[in-house]
Amino acid sequence: MTSKALLSSTYFGPVQWYQKLYRYDCTWVERYDNFMKQTYRNRCLIATTNGVQALTVPVERSTTENGKCIMKDLRISDHGNWRHIHWNALLSAYNESPFFEYYADDIRPFFERKWTFLYDFNTEICAKMCELLDIEPVIKPTDSYIPADDSRLNCVADLRDAIRPKHPLPDDTFTPQRYYQVYEQRWGFLPNLSVLDLLFNMGNESVLYL
């Protein structure tokens, strides 16, 4: 029987999110959910010399007639020179990591080119991350919003609320595995950070931790 999961879109999502892509036969990524602040839809978490830092993509909160802001229609804002700030944060945090230099040319274009819509931006990031992780998941965007009680979710793992930085729901299928981190001696192992943390520290062995 084919295993399926339903996920929210993410910006350089956490290790847990990419584990689902790797372990499920097919994953659906929700395009029609209502955008929520302080989620992985537009933020990622990295390890720095000062501890965990959140990098957040600013968005333009346009709404539909019913007052909702649908993910697929959400536009990225140019406010605050965020691309420059995010890239410099990654450079500062991971320049001394074993594989940053190896992957830098693959990651830098996401902070040089401008995308209009957050969902499209996240989708291209996901494609590049899967390439670098050397995984080939089957990913399908949803055609409409899928409520939690929808019959389409029969035999589908709905993980949209299980993978979030604040107040996540339990996920019995995910136990963070320790891997080398640049700042572990200072902060201890920091679990479930952005997949970038895994790639920059573990390189082509990253897939072994999914």
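The model is predicted, so local features need pLDDT of at least 70 and side-chain atom pairs pLDDT 80 or more, while totals for chains, interfaces and linings use all residues. Residues are numbered from 1 along each chain as its sequence is written, and side-chain values use heavy atoms, without hydrogens and water.

Select residues 15-23, helix α1 (helices are DSSP runs of H or I, at least four residues; strands are runs of E, at least two). Seven of its nine residues are buried, so α1 is largely enclosed by the rest of the structure (buried: under 20% relative accessible area, 1.4 Å probe, protein chains only). The buried ones are Val15, Gln16, Trp17, Tyr18, Gln19, Lys20 and Leu21. Next show β1 (4-8), β2 (26-30), α4 (118-133), β7 (139-141) and α6 (195-202), which are among the elements that cover them.

Move to the largest pocket, with a volume of about 250 Å³. Of its 14 lining residues, select those closest to the centre: Asp33, Arg41, Tyr145, Arg160 and Asp161. By class, the lining has six nonpolar, two polar and six charged residues.

Finally, select the cysteines. The whole structure has zero disulfides (a disulfide is a pair of cysteine sulfur atoms within 2.5 Å). Cysteine 69 is buried at 2% relative accessibility, and its closest cysteine sulfur, in cysteine 44, is 20 Å away, too far for a bond. Cysteine 130 is buried at 6%; its sulfur lies 4.1 Å from that of cysteine 126, the closest, which is also too far for a bond.

Terms used
Buried < 20%, exposed > 50% of the residue type's maximum accessible area, 1.4 Å probe, protein only. Contact = heavy atoms within 4.5 Å. 1 Å grid on protein atoms, 1.4 Å probe; cavity = no way out; pocket = protein on both sides within 12 Å on 5 of 7 lines; lining within 4 Å. Points joined across faces, edges and corners; volume = space filled by probe spheres on them. Nonpolar A, V, L, I, M, F, W, Y, C, P; charged D, E, K, R; others polar.
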